[in-house]
Amino acid sequence: MDKVKCDFCGAIDAQENPVISGDKATICKSCAKSAYDIIQGHQETTDDEQSLTNTIAEQNLMTPKELKAILDQYIVGQDEAKKVLSVAVYNHYKRIFKNIPEDDTQIVKSNVLLIGPTGSGKTLLAQTIAKYLDVPLAIADATSLTEAGYVGDDVENVITRLLQAADGDVQKAEQGIIFIDEIDKVARMGENRSITRDVSGEGVQQAMLKIIEGSNVNVPPKGGRKHPGQDAISIDTTNILFVCGGAFDGMEDIIAKRQGGNILGFNQTKITKKDEKNLLSQVEPDDLTKYGLIPELIGRLHMIATLKEITEDDMVHILTQPKSSLTKQYQKLFKMDDVNLEFETDALKEIAAKAIQRKTGARGLRSILEDIMLDIMFELPDFKGDTITITKDMVTKSEAIEVA
């Protein structure tokens with residue numbers, strides 16, 4: 001009679017390693033024990049597994065060049081801002097995941113301040129980085145934040161949004177990114193500043209210091225004011241990267257005065273528009289203080305990047321080049337109805353010119369295209385198998401739909 005063999009490893013039935021027979025299958029004691037250990041290993045998280053998780057995260061950590069290459073696929077221009085953000089993000093997550101020998105030297109996180117006009121890509125930079133790092137991202141508008149006791153959102157509610165973006169996973173939230181836009185709108189009232197500036201702006205800045213620096217914040221998972229009875233969750237903000245953005249209108253005047261470029265008085269050279277655009281790249285911490293940010297907050301935003309105003313040529317590139325460009329999105333939508341969509345170069349330039357005129361940056365491109373495409377998309381199913389070409393005259397509303 002043939003001896004019974006294990007179907008998994010081929011071991012022959014023996015006293016020290018017996019083989020158990022079942023319904024058309026056999027397994028030895030050694031294989032059964034290995035299967036048990038594997039199942040138990042999935043049920044309990046051990047220190048070794050946590051170490052393995054960190055190792056995997058370290059292996060997946062992208063270099064600054066790799067991060068910038070990803071940003072280049074979705075954002076046109078702004079190379080200097082991309083470099084600053086890529087280096088900041090790399091250094092931030094390197095200090096979290098790499099095993100650093102313990103000594104007296106502590107590496108602090110590099111929070112980022114992005115300065116640039118509306119629609120220049122500040123929010124998109126943060127969104128793209130978070131997406132490809134697979135970390136949760138919370139976006140907040142500083143103008144909606146208030147001191148505790150005022151009507152609005154407490155600063156701590158930003159942490160709640162991050163926790164919700166992490167699907168309630170505290171550990172994941174503690175390694176996420178928070179983007180606070182319109183940070184310039186909470187600048188305190190300074191000399192020759194508008195008297196209509198929010199009087200609680202400085203209080204918001206003071207409240208932000210605690211969470212940006214790194215501390216344990218008790219936050220309600222569903223927000224504090226609408227659900228006051230819920231249990232609070234403690235979140236450590238030490239490893240949360242903060243990216244703040246703002247247009248900082250009027251900053252050029254402050255920089256010009258510091259450089260002795262005041263245009264008032266006799267024999268003064270008037271600053272040109274070109275010079276104004278270049279001035280913003282020369283911003284210093286003292287300029288931010290004069291604008292109305294408190295020194296303590298500036299000291300916690302270690303890396304400053306300026307974004308240039310988008311030109312008409314940039315607008316055309318934004319419409320066509322990025323992976324998720326608007327023209328590609330519309331072409332995909334049209335293709336679903338078996339309709340080909342093409343854009344003439346003059347039409348793209350006219351769309352870009354309209355966006356420049358509206359002074360809304362790249363953000364205004366979608367609303368312009370939606371307006372152009374409304375009548376076409378209303379009748380789109382009727383054009384099955386056709387090719388529709390968007391011309392300059394169609395953009396200016398002086399020509400009907402052109403079908404080939």
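Which residues lie nearest the centre of the second largest pocket? They are Gly121, Leu124, Ile318, Ala362 and Arg363, among 32 lining residues. The model is predicted: local features need pLDDT of at least 70, side-chain atom pairs count only at pLDDT 80 or more, and totals for chains, interfaces and linings use all residues. Residues are numbered from 1 along each chain as its sequence is written, and side-chain values use heavy atoms, leaving out hydrogens and water.

A pocket is an open set of points on a 1 Å grid over the protein atoms alone, where a 1.4 Å probe fits, with protein on both sides within 12 Å along at least five of seven lines; lining residues have an atom within 4 Å of a point. The volume here is about 770 Å³, meaning the space filled by probe spheres set on the points, which are joined across faces, edges and corners. H5 gives the most to the lining, 7 residues. Helices (H or I, at least four residues) and strands (E, at least two) are DSSP runs, numbered from the N terminus.

| Helix | Residues | Share of the lining |
|---|---|---|
| H5 | 122-133 | at least two residues |
| H14 | 326-335 | at least two residues |
| H16 | 365-378 | at least two residues |

Now the confidence. pLDDT is the predictor's confidence in each residue, from 0 to 100. The chain averages 79, and 79% of the residues score at least 70. Helix H2 (residues 47-60) has the lowest mean, 44, while strand E12 (residues 340-343) has the highest, 93.
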